[in-house]
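This briefing goes through one protein model by topic. Please look at the sequence and the structure before reading the points below.

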Amino acid sequence: MVSALLRDVALVAVGVAGLWVGAGQFVAGASRLAGRLGVSGLVVGLTVVSFGTSAPELAVTVDAALTGEADISVGNVVGSNVVNLGVVLGGTALVRRLPVDAALVRRDGALMVGTVLALVAILWDLTVSRLEGALLVAGLGGYLLVLLRTDGGGFDHEVDTGPFRPSDAPRLLGGLAVVIVGAHLLVTGAASTAADLGVSEWAIGATVVALGTSTPELVTSVAAASRGEADLAAGNVVGSCVFNVLGVLGVAGVVTPLSVGPAAFTGTLWLLGVSVVATLLLWSRRVLSRPEGALLVALNALDWVVAFLGR
């Protein structure tokens with residue numbers, strides 16, 4: 001029992017490391033290749049970098065869907081958004097008070113809450129059909145068009161568009177391959193760990209897997225805050241939450257219909273509450289203070305406790 005658990009935990013750890021390294025290589029290679037082809041930095045940030053930084057969530061969610069682990073698939077999306085708002089946004093505010101752009105709250109914050117409301121409606125029958133997945137992807141297309149027309153909105157990523165080198169093409173493909181392999185190892189290890197511990201796959205997907213796929217964003221946001229660039233964090237986190245629901249879950253639903261347990265619906269209701277609280281906090285004084293950041297972290301911790309108590 002113990003040896004099996006250690007093996008499965010090791011698979012999860014290796015999977016997370018693979019996602020982290022692979023996504024970084026993919027983004028760097030793809031950004032330089034796009035720059036070589038004459039694509040503007042704004043478009044690279046909105047497409048290549050935004051998609052690349054969400055590659056871990058996308059790869060894990062689709063892999064879990066294809067292997068019949070729908071609760072891990074949906075749990076990763078819902079859990080990643082809770083982690084983004086609780087641990088990443090709240091944790092960043094604990095490092096440094098987070099100034100917020102008013103336009104971000106009016107547009108992206110409201111849209112984030114709207115996408116979660118749409119997800120609640122979709123999961124009412126505990127399924128995500130191909131049609132519903134396609135509608136989510138279409139919504140992502142509309143969101144990207146809005147961002148392009150408003151100078152990038154919240155996606156203020158630092159884009160690596162240095163001189164293109166011949167090694168960047170295999171770097172891109174190699175990074176993507178590592179992400180795919182890492183995602184499969186993470187899903188396999190997570191499903192086995194759930195069985196070892198006697199907890200539900202939803203609990204593992206919404207906590208361990210979600211934290212694993214969100215670790216790069218956490219490290220990046222905290223590092224940016226420590227360098228005095230905390231103003232970028234809120235936009236990137238909110239934009240990532242929108243992308244996870246519309247893009248990541250949308251693609252998974254198109255690939256294969258998903259059927260989940262009741263915990264998925266209640267977990268999404270919790271995400272809706274956290275999203276509303278985060279948006280109101282960002283709206284209140286156009287700054288996220290340390291106490292407010294601590295509140296978001298506490299809401300994330302409570303979500304994990306409830307997930308595991310529900311087993």
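Helices (H or I, at least four residues) and strands (E, at least two) are DSSP runs, numbered from the N terminus. With that numbering, Thr 256 sits in the loop between α9 and β3 (258-259). The model is predicted. The points below cover this loop residue, the nonpolar cores, an aromatic pair and a pocket.

**A loop residue**

- Is Thr 256 buried or exposed? Its relative accessibility is 19%, and buried means under 20%, so Thr 256 counts as buried.
- Leaving out residues up to four places away in sequence, Thr 256 touches Ala 65, Leu 66 and Arg 130.

**Nonpolar cores**

- In soluble globular proteins, nonpolar side chains tend to be buried together.
- The largest nonpolar core in this model has 55 residues. The members that touch the most other members are Val 74, Leu 85, Leu 89, Leu 123, Leu 258, Leu 288 and Leu 296.
- Several helices each supply at least two residues of this core, among them α3 (55-66), α4 (70-95), α8 (201-226) and α11 (290-310).
- A second, separate core has twelve residues, including Leu 186, Ala 194, Val 199 and Val 209.
- Which residues does Leu 258 contact, apart from its neighbours within four places in sequence? They are Ala 65, Ala 70, Ser 73, Val 74, Leu 126, Thr 127, Val 128, Leu 249, Ala 252 and Gly 253.

**An aromatic pair**

- A pair of aromatic rings is described by the distance of the centres and the angle of the planes.
- One aromatic pair is found in a search of the whole structure. It is formed by Trp 124 and Phe 265, whose ring centres are 5.5 Å apart.
- Why is the pair called edge-to-face? The planes of the two rings are at 80 degrees, and planes over 60 degrees apart count as edge-to-face.
- Trp 124 is in the loop between α5 and β2 (127-128), while Phe 265 is in helix α10, so the pair ties together parts that are 141 residues apart in sequence.
- Trp 124 is exposed, with a relative accessible area of 67%, whereas Phe 265 counts as buried at 16% relative accessibility.

**The second largest pocket**

- The second largest pocket holds about 210 Å³ of space.
- It is lined by 14 residues, and Trp 202, Thr 266, Gly 267, Val 306 and Ala 307 are the closest to its centre.
- Two or more lining residues of this pocket come from each of α4, α8, α10 and α11.
- By class, the lining of the second largest pocket consists of eight nonpolar, five polar and one charged residues.

Note on methods. Residues numbered from 1 in each chain as written. Predicted model: local features only at pLDDT ≥ 70, side-chain atom pairs only at ≥ 80, totals over all residues. Heavy atoms only, no water. Core = buried A, V, L, I, M, F, W, Y, C linked by side-chain atoms within 4.5 Å. Buried < 20%, exposed > 50% of the residue type's maximum accessible area, 1.4 Å probe, protein only. Contact = heavy atoms within 4.5 Å. Phe/Tyr/Trp six-rings, centres within 6.5 Å; stacked < 30°, edge-to-face > 60°. 1 Å grid on protein atoms, 1.4 Å probe; cavity = no way out; pocket = protein on both sides within 12 Å on 5 of 7 lines; lining within 4 Å. Points joined across faces, edges and corners; volume = space filled by probe spheres on them. Nonpolar A, V, L, I, M, F, W, Y, C, P; charged D, E, K, R; others polar.
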